[in-house]
Amino acid sequence: MTKTVLRVLSGEAVWPPPVWLMRQAGRYLPEYRAMRAEAGDFLKLCLTPSLAADITLQPLRRFGMDAAILFSDLPIVSLGLGQALRYAEGEGPVLPPIRSATDLDALSLDRVAEIVAPVWETVRRVAANIGPATLIGFSGAPFTVACYMVEGHGSRDFAAARLMAYRDPELFARLIDLIVAANLIYLRGQADAGAEVLMLFDSWAGMLPPGEFRRWVIEPTAQIAAAMRQSHPHVPLIGFPRLAGAMLGEYAIGAGVQGVAIDTAMNPAAAADMVPPGIALQGNLDPLALVAGGAPMHTATRKILDALRGRPHIFNLGHGIVPQTPPEHVGALVELIRAA
């Protein structure tokens with residue numbers, strides 16, 4: 001029997017909807033924290049297949065989710081291109097910023113496959129042990145990866161990246177094209193290793209005005225989607241243009257994805273009106289409602305289920321699980337959805 005997540009991404013309205021949660025393998029789980037303490041380095045966790053595979057499967061063991069998402073991080077593509085990458089405690093990724101043509105010329109596609117090969121091995125290990133759940137691979141979408149590569153670290157506004165797009169659009173377009181090409185190597189390798197669904201996280205898409213959003217978010221995603229349809233036509237793609245707002249419908253139509261993840265700020269009923277009915281919606285419980293648990297979580301969950309019943313829907317959060325989330329609240333959420 002076809003897995004429920006795949007049924008939804010083929011356009012079927014399944015009830016109750018399948019459920020998994022962004023960042024479900026991570027800092028809120030004591031078993032993850034123990035492994036992180038032993039490994040000592042986040043990048044080592046991402047690039048050690050035995051550890052990353054075990055972390056990927058942790059929430060399935062605890063909660064019986066309908067999908068597991070690969071444990072990794074968005075800037076792995078940057079590392080594959082030859083940009084140094086490290087993780088500062090409490091700060092996230094740190095990279096030497098790309099600010100000129102000379103910086104960009106130092107990057108290359110030549111070693112992408114070699115550098116991301118441990119991630120592909122992680123996918124193979126998870127695929128061999130995932131059972132009835134669906135394995136989701138992922139990468140950072142080109143604009144979001146470019147934000148980290150140009151800024152050199154996380155930021156509230158990624159001003160350096162956005163200014164490059166305005167002041168030197170040709171240079172920024174070269175960077176985006178390079179990330180598209182690297183992503184295709186990376187995602188095709190994940191699909192070959194056993195990923196059944198792929199997801200593109202465009203975490204910073206919502207910072208852009210409509211014209212820039214079309215150029216740097218929709219168009220590169222559409223390039224990836226079209227190329228993946230040619231090489232892996234049976235592997236659906238979920239896009240997450242976080243904070244897309246009024247651009248969500250245009251993204252859903254133009255990006256060529258089979259599913260669209262919606263963020264916490266989006267009214268799910270409005271999303272259902274904007275997105276064509278054959279494209280699945282994924283989301284969008286507030287992660288802090290999950291932290292609160294109890295009646296607030298139940299009420300918010302019911303509203304989402306009621307708004308999206310009758311159309312293809314994968315229940316999820318509107319952003320990633322936060323570290324202070326009680327694991328028992330996650331279990332209660334899964335039970336609530338399964339009993340809907």
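1. T134 sits in strand 4, residues 134–140. Strands here are DSSP runs of E with at least two residues, and helices are runs of H or I with at least four, both numbered from the N terminus. T134 is buried, at a relative accessible area of 0%. Buried stands for under 20% relative accessible area, exposed for over 50%, and partly exposed for what is in between, with a 1.4 Å probe and protein chains only. Residues up to four places away in sequence not counted, T134 touches K3, V5, L6, D66, A67, A68, E196 and V197. Contact means heavy atoms within 4.5 Å.

2. On provenance: this is a predicted model, in which local features need pLDDT of at least 70 and side-chain atom pairs count only at pLDDT 80 or more, while totals for chains, interfaces and linings use all residues. Residues are numbered from 1 along each chain as its sequence is written, and side-chain values use heavy atoms, with hydrogens and water left out.

3. A252 belongs to helix 12, residues 248–254. A252 is buried as well, with a relative accessible area of 1%. Its contacts, leaving aside neighbours within four places in sequence, are V260, V275, P276 and I279. The C-alpha atoms of A252 and I279 are separated by 7.5 Å, and the two residues are 27 residues apart along the chain.

4. Helix 4 (residues 49–63) and helix 7 (residues 112–127) have axes that come within 8 Å and cross at roughly 45 degrees. Axes are lines fitted to C-alpha atoms, for helices over the stretch in contact, and angles run from 0 to 180 degrees between N-to-C directions. The two helices are therefore oblique to each other. Under the angle classes, under 35 degrees is roughly parallel, over 145 roughly antiparallel, 65 to 115 roughly perpendicular, and the rest oblique. The crossing of helix 4 and helix 7 is right-handed, a term for the near helix being turned clockwise from the far one by less than a right angle, with anticlockwise being left-handed. On the helix 4 side P49, S50, A52, A53, T56 and L57 take part, and they meet P118, E121, T122, R125 and V126 in helix 7. By class, this contact of helix 4 with helix 7 has 6 nonpolar, 3 polar and 2 charged residues. Ala, Val, Leu, Ile, Met, Phe, Trp, Tyr, Cys and Pro count as nonpolar, Asp, Glu, Lys and Arg as charged, and the others, Gly among them, as polar.

5. Helix 10 (residues 169–193) packs against helix 11 (residues 210–231) at an angle of about 30 degrees, and their axes are 10 Å apart. That makes helix 10 roughly parallel to helix 11. Their crossing is right-handed. From helix 10, P169, F172, A173, I176, D177, V180, N183, L184, L187 and R188 meet R215, W216, P220, Q223, I224, A227, M228 and S231 of helix 11. The residues of this contact divide into 12 nonpolar, 3 polar and 3 charged.

6. Helix 10 has 25 residues and reaches 35 Å from its first C-alpha to its last, close to the 36 Å expected at 1.5 Å a residue. The expected span is 1.5 Å times one less than the number of residues. G194 follows helix 10 and has a positive phi, near 130 degrees.

7. Helix 15 (residues 294–308) and helix 16 (residues 327–338) pack at about 40 degrees, with axes 11 Å apart. Helix 15 passes helix 16 in a right-handed crossing. M297, H298 and T301 in helix 15 meet H329, A332, L333, L336 and I337 in helix 16. That contact of helix 15 with helix 16 has 5 nonpolar, 3 polar and no charged residues.

8. Most residues other than glycine have a negative phi, and most peptide bonds are trans. The peptide bond from W15 to P16 is cis, with omega near -10 degrees, and P16 is in the loop between helix 1 (4–9) and helix 2 (30–39). The bond from G283 to N284 is also cis, with omega near -10 degrees; N284 is in strand 8, residues 280–285.

9. R23, in the loop between helix 1 and helix 2, has a positive phi near 60 degrees and is not a glycine. R23 is partly exposed, at a relative accessible area of 45%. L243, also not a glycine, has a positive phi of about 60 degrees and lies in the loop between strand 6 (237–241) and helix 12. L243 is partly exposed at 43% relative accessible area.
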